[in-house]
Protein chains: 2
Amino acid sequence: MPTPLPGRLIALEGIDGSGKSTQARILERQPMLTVTAEPGATALGTRLRHLLLDPGLPAVATRTEALLLAADRAQHVAEVVEPALAAGRWVVTDRFSGSSLAYQGYGRGLDLDDLRRLVAWATGGIEPDLNLLVDIPLDVAGRRRAGAAADRLESLGDDFLERVRSGYLALAAADPERWAVIDGTGHPDEVAHLVRAVLAQRLGTPPEPGR
Amino acid sequence: MPTPLPGRLIALEGIDGSGKSTQARILERQPMLTVTAEPGATALGTRLRHLLLDPGLPAVATRTEALLLAADRAQHVAEVVEPALAAGRWVVTDRFSGSSLAYQGYGRGLDLDDLRRLVAWATGGIEPDLNLLVDIPLDVAGRRRAGAAADRLESLGDDFLERVRSGYLALAAADPERWAVIDGTGHPDEVAHLVRAVLAQRLGTPPEPGR
């Protein structure tokens, strides 16, 4: 088991269009939080993100995709997440291990236990203290995404996204200590209120800036 | 367990400068063999290879490197190796799973059992029928590489390469059914003679072209 680090790790999870990235930007205004995102938080990750989201690339095999996202996460942990947690900071990441389980597991059909082992190895055992699932129905997500150009991962069809959404809900139901579900259909300010309330209830108050 | 495929998989292994790539090119003259190499056998793999060998990139974490090489292998298996084996061909690959164990395990110090699990998952359980280790002392490899510009993986120093070479020899000693060691210090034609002899002894004769 890895040494417990003094900081706290919070992952925002959900399908594209759920509004979780908007929530990440709202949380970014709080100086006591380190806000980051996957894939692409590091220089190497940015190049992997381009590879993964390139609609022009020939079919990427399912396991290749899972391994590239795990590589992005390993680098993210090494460069960003672990140093911040070691310094006692609270880290909010837009996607983390839950995305692998929901997208590559429930969505693509890879075995969940295999993915858990892969992710645990890639992160050196670091997992979120709290996964915050911003849940919305597919039709709402679809309307929000309308007009934005679809990248390779987003152009997967409603059946796929329905499996991902149900997968997220199943992950949350199976592990209520590490997951919380909030309704993402409201105005971003309303959702932000829910996010703050859940964080305060589950984790208390973040450390003062400068700590 | 995966379905056994009708072809045969032969991996050429060894440190850079061992001459294994020269041997791969000699084997390529035989039309009954599919000759390939890692990393970079696929379009995606070529881009990963550039990432991995880029001396200008900031430090790539050890697990990130292992995961990127596993991703390259997963794509290599899906696009090249598995279809050829399914068609009954003999496939010779310049590097495969043994390179992960030797370089990322013995060289970088990652746990060997973790790496074996990672590699087995990436390949869907496909492993070489024969790993052919082209072994040479470090000083010979160094003289052969002199003049060639060192990439990031090649500029790792003699201590690292000594661990990799010893690691290869340990892997071969532990699994003599799946490994053979040949002396790579001779002229390429002499080494090619050894390669052909070991292949014939261990695996018999490749299928006729057109099969």
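Q: Is Trp179(B) buried or exposed, and what is its relative accessible area?

A: This is a predicted model, in which local features need pLDDT of at least 70, side-chain atom pairs count only at pLDDT 80 or more, and totals for chains, interfaces and linings use all residues. Residues are numbered from 1 along each chain as its sequence is written, chains are lettered from A and ligands numbered from 1 in the order in which they are written, and side-chain values use heavy atoms, with hydrogens and water left out. A residue is called buried under 20% relative accessible area, exposed over 50% and partly exposed in between, using a 1.4 Å probe and protein chains only. Trp179(B), with a relative accessible area of 7%, is therefore buried, and Tyr168(B) counts as buried too, at 1%.

Q: How many aromatic pairs does a search of the whole structure find?

A: Rings of Phe, Tyr and Trp (its six-membered ring) pair if their centres lie within 6.5 Å, and the planes count as stacked when under 30 degrees apart, as edge-to-face when over 60 and as tilted otherwise. The search finds six such pairs over all chains. In one of them, the ring centres of Tyr103(A) and Phe160(A) are 6.1 Å apart and the planes lie at 50°, so the pair is tilted. Helices (H or I, at least four residues) and strands (E, at least two) are DSSP runs numbered from the N terminus, and this pair links distant parts of the chain, since Tyr103(A) belongs to helix α4 (residues 97-107) and Phe160(A) to helix α7 (residues 158-174), 57 residues apart. Both Tyr103(A) and Phe160(A) are buried.

Q: Which aromatic pair does Trp179(B) form?

A: Trp179(B) forms a tilted pair with Tyr168(B), at 6.2 Å centre to centre and 55° between the planes. Here Tyr168(B) in helix α7 (residues 158-174) of chain B is linked to Trp179(B) in strand β5 (residues 179-183), eleven residues apart. In chain A, ring pairs link Tyr103(A), Phe160(A), Tyr168(A) and Trp179(A) into a cluster.

Q: What sits over the ring of Phe96(A)?

A: A charge sits over a ring if NZ of Lys or CZ of Arg is within 6 Å of the ring centre and within 35 degrees of the ring normal. The charged end of Arg73(A) sits over the ring of Phe96(A), 5.4 Å from its centre, and in chain B, Arg73(B) lies over the face of Phe96(B), at 5.4 Å from the ring centre.

Q: Which rotation superposes chain A on chain B?

A: Two copies of a chain are related by a rotation about an axis and a shift along it. Superposing by least squares on the C-alpha atoms of residues with pLDDT of at least 70 in both copies gives a rotation of 180° with 0.0 Å of shift along the axis, at an RMSD of 0.0 Å. That is the relation of a two-fold axis.
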